[in-house]
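Hi everyone, thanks for coming. Let me put the sequence and the structure up on the screen, and then we can walk through them together.

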Amino acid sequence: QVTVAESGGGSVLTGGSLRLSCVASGYTGTSYFMAWFHQGPGKEREGVAAIHMSSGKTYYADSVKGRFTVSRDIAKNTMYLQMNGLKDEDIGMYYCAAGWLGQGSTLDAPAYKFWGQGTQVTVSS
């Protein structure tokens with residue numbers, strides 16, 4: 001019954017910014033995690049950032065610390081990713097995921113049960 005839908009991808013110049021959004025529908029309450037995963041061309045999917053919807057505690061991959069900020073709007077069951085200082089390594093698909101994380105860490109893909117369709121980010125210079 002839970003569905004996840006992300007949006008906000010696009011094309012920017014190096015150093016530019018984008019704001020991604022993800023809505024998780026079907027959850028009751030806020031005792032779950034939401035996370036962003038990135039998959040670059042020819043690379044494996046990797047965790048970018050995550051947030052616990054109830055507490056607001058955040059988690060970041062080292063590659064995006066200081067550049068990306070994850071936040072949430074509890075009333076809207078929505079997670080955001082503010083992406084600043086975009087560079088070539090950020091190019092690719094961004095997927096939103098949600099789950100209760102019965103096992104696994106917050107930035108591990110197998111820990112999440114529900115996934116969005118992905119949104120594309122392109123950076124050029």
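Let's start with the charges. Arg-67, Glu-89 and Asp-90 are linked in a network of salt bridges, where a salt bridge means a side-chain nitrogen of Lys or Arg within 4 Å of a carboxyl oxygen of Asp or Glu.

Before I go on, a word on what you are looking at. This is a predicted model, so local features need pLDDT of at least 70 and side-chain atom pairs count only at pLDDT 80 or more, while totals for chains, interfaces and linings use all residues. Residues are numbered from 1 along each chain as its sequence is written, and side-chain values use heavy atoms, with hydrogens and water left out.

Asp-90 and Arg-67 form a salt bridge whose closest N and O atoms are 2.8 Å apart. That pair links distant parts of the chain: Asp-90 is in the loop between S8 and S9, and Arg-67 is in the loop between S6 and S7, 23 residues apart. The strand names come from DSSP: strands are runs of E of at least two residues and helices are runs of H or I of at least four, numbered from the N terminus.

Arg-67 also forms a salt bridge with Glu-89, and here the closest N and O atoms are 4.0 Å apart. Again the partners come from distant parts of the chain, 22 residues apart.

Are Asp-90 and Arg-67 buried or exposed? Both are buried, and by that I mean under 20% relative accessible area, with exposed being over 50% and partly exposed in between, using a 1.4 Å probe and protein chains only. For Arg-67 the value is 13%. Glu-89, at 46%, counts as partly exposed.

How many salt bridges does a search of the whole structure find? It finds three. One of them joins Asp-62 to Lys-65, with the closest N and O atoms 3.0 Å apart. Asp-62 is exposed, at 64% relative accessibility, and Lys-65 is exposed too, at 52%.

Now, the sheet. Please look at the open sheet of four strands, in the order S1-S3-S8-S7, with antiparallel pairing. Two strands count as paired if DSSP finds at least two bridges between them. The edge strands here are S1 (3-7) and S7 (68-73), and each pairs on one side only.

S7 and S8 (residues 78-83) run antiparallel and are joined by six bridges. In the loop between S7 and S8 you will find Asn-77. Its phi is near 50°, a positive value in a residue other than glycine. Asn-77 counts as buried, at 18% relative accessibility.

Next, the sulfur atoms. The structure holds one disulfide, meaning a pair of cysteine sulfur atoms within 2.5 Å. Which residues does the disulfide join? Cys-22 and Cys-96, with S to S at 1.8 Å. They lie 74 residues apart, Cys-22 in strand S3 (residues 18-25) and Cys-96 in strand S9 (residues 92-99). The link is left-handed, with -85° about the S-S bond. Cys-22 is buried at 0% relative accessible area, and Cys-96 is buried at 0% as well.

Last stop, the aromatic rings. Phe-37, Tyr-112 and Trp-115 form one aromatic cluster. Rings of Phe, Tyr and Trp (its six-membered ring) pair if their centres lie within 6.5 Å; planes under 30 degrees apart are stacked, over 60 edge-to-face, and the rest tilted. Phe-37 is buried, at 0% relative accessible area, Tyr-112 is buried at 5%, and Trp-115 is partly exposed at 27%. The rings of Tyr-112 and Trp-115 have their centres 6.5 Å apart and their planes at 75°, so this pair is edge-to-face.
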